[in-house]
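User: I'd like to go through the labels on this model and see what backs each one up. Can we take them in turn?

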Amino acid sequence: MDAAVVVAVVGVVALLLVLRSGMRVVNQVDRGVVFRFGKAMPGYRQPGITFLIPFADRMRKVNIQVVTLPIPTQEGITRDNVSVKVDAVVYFRVTDPLRAAIEVQDYVFAVGQVAQSSLRSIIGKSDLDDLLSDRERLHEGLALMIDSPAAGWGVHIDRVEIKDVQLPESLKRSMSRQAEAERERRARVITADGEFQAARQLANASRIMADTPEAMQLRLLQTVVEVAAEKNSTLVMPFPVELLRYFDRAARQFDTGGPDRARDVPPPRTEPAEGAPDPRI
């Protein structure tokens, strides 16, 4: 009787150990791919407690979180023959755990290698200006190049971004000089345009004042008011140019009438020299 109880207890303990060895816990961020005698079972195990057949089943957990994979710095020559160094980052996640566990040995390493080769390829196909300013289009093209082989591995590329573009020091200095020259050119053009507009407005104002002489007097009075507002002890009054023109016209009229008045005045009388004949005889 005692032997039977011992055997039963041993059997129960053995059964519990077997069940314990076949029990697995799948985390929320993982999916379990079960291999039974080396053959992958259809479907995958969901998060929670799952049971495996001892000595027959083997489970591989595949993480389905978004993986951030930095791409090492790649050196290349752009289409316009500029040597640059570019580094990027890839965001991807597993969408089919079964294919990610079967189709590729290490999907993270495989995605990294494809990303490096795709980055070098995109550098050779792009100009320097595209790498510096038109990055959104390059991101889309790079993500498409990486996603094409990764889709067969059950991996989806969420986003690819170029982090930094390293340029040679000589090229940086050249670009700096070019930008400085461009800013100086714009400054000169703006200054010249301002002077042109000011000159045109002054010309319009001078034509208006020439047609309306009273406008000059009003402008003079306005200037006096502006100067008087400063509360200066000495006030310098500008002499109107129109008044000088009036004096100039008056002087010309006087010079024009001068010879007529000179003809009305008799010439001075001169006495003949001693011994000379008198011209009046």
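User: What makes β2 and β3 count as paired, and which way do they run?

Analyst: Two strands pair if DSSP finds at least two bridges between them, and 2 bridges join β2 (residues 30-36) to β3, so the pair qualifies; the two run antiparallel. Strands are DSSP runs of E, at least two residues, and helices are runs of H or I, at least four, numbered from the N terminus. One of the bridges links Phe 35 to Ala 40 in β3. By the way, this is a predicted model: local features need pLDDT of at least 70, side-chain atom pairs count only at pLDDT 80 or more, and totals for chains, interfaces and linings use all residues. Residues are numbered from 1 along each chain as its sequence is written, and side-chain values use heavy atoms, without hydrogens and water.

User: How do you know that Arg 79 and Asp 127 form a salt bridge?

Analyst: The cut-off is a side-chain nitrogen of Lys or Arg within 4 Å of a carboxyl oxygen of Asp or Glu. Here N to O is 3.1 Å, so the pair passes. Arg 79 sits in the β6-β7 loop and Asp 127 in the α3-α4 loop, so the bridge ties together parts 48 residues apart in sequence.

User: Why is Arg 79 called exposed, and what is Asp 127 called?

Analyst: Buried means under 20% relative accessible area, exposed over 50%, partly exposed in between (1.4 Å probe, protein chains only). Arg 79 has 52%, so it's exposed; Asp 127 has 22%, so it's partly exposed.
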